[in-house]
Amino acid sequence: MKMSDTGDVWWKNAVVYCADVQTFQDSNGDGIGDLRGMTDRVEYLADLGVTCLWLMPFYPTARQDDGYDITDFFGVDPELGTLGDFVELVRTARAHGIRVIVDFVMNHTSDQHPWFRSARRSRDDPYRDYYVWSRTKPRSSRKDVVFPDEEDSIWQRDEKTGDYYLHHFLKHQPDLNVAHPAVQEEISRTLGFWLALGVSGFRVDAVPFLFARDGVPGVDDEAFDPDRYLGDVRSFVTRRVGDAVLLGEVNLPSPDQRRFFGGDDGDGLNMQFDFNAMQRFYLSLARGDAGPLTEALRERPPLDVTSQWASFVRNHDELTLDKLTDEERQEVFEAFGPDPGMQLYGRGLRRRLPTMVSGDERRIRLAYSLAFSLPGTPVLFYGEEIGMGENLDVPGRFAVRTPMQWTSAPSGGFSSAPPRRLTRPMPDGLWGPEHVNVAQQRHDPDSLWWFIRHLARRYRQLPQSGWGTVEVLDHPVDAVLAHVSRCGDWLMLAVHNFGEEGAVVPLTIPDLPEGGRLVDVLGTLPDVTPSPTGEAELALEPYAYRWLLVVRDGEEPPL
């Protein structure tokens, strides 16, 4: 592979950083983060090693679901800035080597969107078919609902006409009828608009719902081919901007995820979050046993060369554990969130990793070492680089979306407004800004911030890692995950000890070149010289990790 040939698939070596504009940096003292504040922090992101900034929704909204209930797909929420501010952010980011992608939320709108306000007036309204309606209430159960604690059906009766409209999410978020040509045209207009303003792609929200067949009585679902339409969206985006990316939220079993990549042709989503590996990671961490994660990695289906997994430790929603069995989920709950107030919807946790492990930085560093060493693209959620905690006094999923903690000031350097006026209250006590903040950690070379920065730099210095495939190695130590990233004749071994005890791990390195040695990538530990048949023993402290690059005899490591 020639690195010069990879410019049009830049996402395979990106370091992605997800930020919520309203909680990242307030520039005008009103207690709400804004686009100008985000622009002021671009240099910080570049210093951290970020190469792609993913912005959560910043569009005009009815303010009932943190921006995911959109009333205008072509604007900016006035509290957050203007379209001019957005363009300035994109240009400033690009000048610092950072691309910007934005949330693409067109599975649904707010019920206050002009389309739906018009559609509910009568059955003959021109916008009626923009949404999914049924004269009778179709069968539905709580398991069909995304938020089962808040809704008991995905169908809601509208008083004006007596018909029922579809909403997989909350009742004030009616689903769009993506099978309708006019809606497809609106989607194209929206994508084209933001691409013209300089974005490098989209994080596509709720993909399985967006491209689902809805089973409406009397409607022929077979007339709409969601796989073909997803390919059409990919083609449209690529025609407008040749290297634009579609990063999809697809929380499905691995074989179904492959379908959304476009199968063998790879003409669907460019990237998908690896939810299965993430969920099994937490089960492995709870058990001190690498087995569940090993199983998930071995289930990863082969992908087209332009397709990519996105590795993450945490995201902006609840930490979903829905792909675990009931017993496995309960294990994770007992280990990391035993209080019912820490749990959500019976399927996940509304906590950040540092509080889940009681501040044990060994396990925190283990998690991020793993995310950056796996073949794929690492994705960080804002505040992870300093080990921010959640505020469980904030309702629901918003507990992990508290303001960024920049300094030890009462409002954390996020805003000049007093704490009572902030868009959300920060954590207090040991997780408050006086103890956890960027300023202190940037002055401490042993801090988590510097460690994450180091991981990002090493990841970028080893671009083959983003192009590699994963091979999990067999060995007799249950607590240790040993995997090889392979790209052509390039090899890197990574080992991670999930156990609370030290271990000596015997390994056989596959395809080791004659005279090859293993060079420590992350630290200053001695090289390891395997036997001529590739055998080696590695000693690991509790929760320790190592990246070991295979270097041929007479060569120097590219670091």
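**Notes on the pocket, a sheet and the cores**

1. Helix 7, which spans residues 207-210, contributes three residues to the lining of the largest pocket, and that is the most given to this lining. Please keep in mind throughout that the model is a predicted one.

2. The largest pocket has a volume of about 750 Å³, and its lining is made up of 33 residues, with V146, F209, N251, D322 and R347 lying nearest the centre. Sorted by class, the lining of this pocket comprises 14 charged, twelve nonpolar and seven polar residues.

3. An open sheet is built from three strands in the order 11-13-12, and the pairing is antiparallel. Its edges are formed by strand 11 (319-320) and strand 12 (343-344), each of which pairs on one side only.

4. Within that sheet, strand 12 and strand 13 (residues 348-349) are joined in the antiparallel sense over two bridges, and Q343 is found opposite L349 in strand 13.

5. The largest nonpolar core counts 144 residues, and those with the most contacts inside this core are Y17, F58, F86, Y282 and M404. Apart from this core lies another one of 21 residues, which includes L473, L491, V495 and L507.

Conventions
Residues are numbered from 1 along each chain as its sequence is written. This is a predicted model: local features need pLDDT of at least 70, side-chain atom pairs count only at pLDDT 80 or more; totals for chains, interfaces and linings use all residues. Side-chain values use heavy atoms; hydrogens and water are left out. Two strands pair if DSSP finds at least two bridges between them. Helices (H or I, at least four residues) and strands (E, at least two) are DSSP runs, numbered from the N terminus. On a 1 Å grid over the protein atoms alone, a cavity is a set of points where a 1.4 Å probe fits but cannot get out, and a pocket is an open set with protein on both sides within 12 Å along at least five of seven lines; lining residues have an atom within 4 Å of a point. Grid points are joined across faces, edges and corners, and a volume is the space filled by probe spheres set on the points. Ala, Val, Leu, Ile, Met, Phe, Trp, Tyr, Cys and Pro count as nonpolar, Asp, Glu, Lys and Arg as charged, and the others, Gly among them, as polar. A nonpolar core is a set of buried Ala, Val, Leu, Ile, Met, Phe, Trp, Tyr and Cys residues joined through side-chain atoms within 4.5 Å. Buried means under 20% relative accessible area, exposed over 50%, partly exposed in between (1.4 Å probe, protein chains only).
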